[in-house]
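This report covers the contact between two chains, with a note on one residue of the partner chain.

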Amino acid sequence: MRRALLRLVFTVALPALLVTVWWVASAGSTDVYWPPLRTILEAFPDVWTAERLRGDVLPSVLRLAGGYALAAVVGVALGTVIGSYRRVRAVCEPVLEFLRAVPPPVLVPVIMLFAGIGDTMKVTVIAVGCVWPVLLNTVEGVRAVDPVMAETARSYGITGVARLRNLVLRSASPQIFAGLRQALSIGIILMVISEMFAASNGLGFTIVQFQRGFAIPDMWTGILVLGLLGFLLSVVFQWVERRVLGWYHGLRASARRSP
Amino acid sequence: MLDVRGLKKVYEGSGRRVEAVRDLTFTVDAGELVCLVGPSGCGKTTLLKCVGGLLTPSGGEVLLDGRKVSGPPPGMAFVFQEYGRSLFPWMRVGENVELPLKQKDLSKARRRELVRDALESVGLADAVGAYPWQLSGGMQQRVAIARALAYEPRVLLMDEPFAAVDAQTRADLEDLVRGLWRERGITILFVTHDIDEAVYLGERVIVLSASPTVVREQLKVDLPVERDQLHTRVDPRFAELRTHVYEQIQAAKKGAAAS
């Protein structure tokens, strides 16, 4: 009980401090672009009504979910194929390294040409940006399957789908999750950027609208919402990861205890 | 039952040609416990992997019940030296033991029964729900043995299974293997570099030469079937046999150095 309390204090301490600093530092501000935190917080409930959550936040989240899921599926599937075959890897690796080096936001205008300015464009942009970390990490993870485990599987006739499910993907899962984590932050960035380019709703669109309409405190509330959304998604991600990779954390902890 | 005829394995790669196994011929009868012992680096593991169908021999053949082995046959189970890397850390002990059975056409009830029975045989009935990394090294190797037993192999191949555990655990595991052999009547081919272990365990010891490997001598171990660590190891006959094998291996090493 005391431990849990202490942990809570540790977790909350720094955010609380930062908010306080912001509050105090901006308290008397008369700068239009830098309104007091108090003003921003007062504006918050008026701006982010249920209707707005439904009309702007929900579409954004759905686009993110769609693009992210697409990237995860494609990234893991392609990564498994590339990681499993040395030849395929030799052919694909230089191209992958190049494509990965292209900053994803630059794809927005390009993808707009093909996919228009609707939801398809936004989902595509998010997917195209998110797929690289997932893909490359999956390749590495699949490559690194322990040879003794691979031989064990082979000696017991564990092949094909059973091998993929019970050995390859499980063994690569820590790496895959590392990729998915990177992809999540890229996804949020691309969600906002794609909506800033051309959209009629969404978080990115709304924030730009506020800025253009000189509704500066409202704009700040949008940024807060984005931060909160990112935080929430990261908490959900951690929760999922802890369930799927429980074995991995346990294994690492036991390896640390007895090297 | 197990027939190894003129087995030869040559590794070729990067301009170097290494003849690991030159010409090996021996048989193992049904229900026999045979130990293969040889100087370090004499290609014992290579030999066993060829027998188990994990490596393709460069010449000669391995026959199991008169049928040529060309890939891991369903009637064989392999126990590796590296227990820590042979069990899947993402699966609990029970799942690890059950996994190979899923490749066989067995009912769920039968699988459960086999898993429970095998774990009981190695004295780990309570560990079904534990992860392998929560167990000690000796216990992990017990799980690997249980996995092999549950698979109900005709031949059990063991590749220096106790090389990485401490001496006391090792003695326990040796007795376990002898006990299982007597109870279940399975055929065991046991590779080791430990002369005492070979003589203590085996009904027959095959002494290998240094690499490139040939059979140097086959020796019947005429110790009583009932063996225990305390009395067998001080039996004058045990001392004679181990001295004999020791001399053979020393001679094998010298022979290798001379050629």
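Two salt bridges link chain B and chain A, a salt bridge being a side-chain nitrogen of Lys or Arg within 4 Å of a carboxyl oxygen of Asp or Glu. One of them joins the side chains of B:Lys49 and A:Glu151, at 3.0 Å from N to O. The model is predicted: local features need pLDDT of at least 70, side-chain atom pairs count only at pLDDT 80 or more, and totals for chains, interfaces and linings use all residues. Residues are numbered from 1 along each chain as its sequence is written, chains are lettered from A and ligands numbered from 1 in the order written, and side-chain values use heavy atoms, without hydrogens and water.

The contact takes 26 residues from chain B and 21 residues from chain A. About 2,200 Å² is buried between the two chains, 65% of it on carbon and sulfur atoms; buried area is the accessible area (1.4 Å probe) lost on being put together, summed over both parts. In chain B, the residues that lose the most area to chain A are B:Arg85, B:Trp90 and B:Trp133, together 35% of what that side buries.

Within chain A, A:Val76 lies in helix α3 (residues 50-84). Its contacts, leaving out residues up to four places away in sequence, are A:Ala71, A:Val134, A:Thr138, A:Leu169 and A:Ile176. A:Gly55 is 21 residues from A:Val76 in sequence and 32 Å from A:Val76 in space, C-alpha to C-alpha.

Conventions. Contact means heavy atoms within 4.5 Å. Helices (H or I, at least four residues) and strands (E, at least two) are DSSP runs, numbered from the N terminus.
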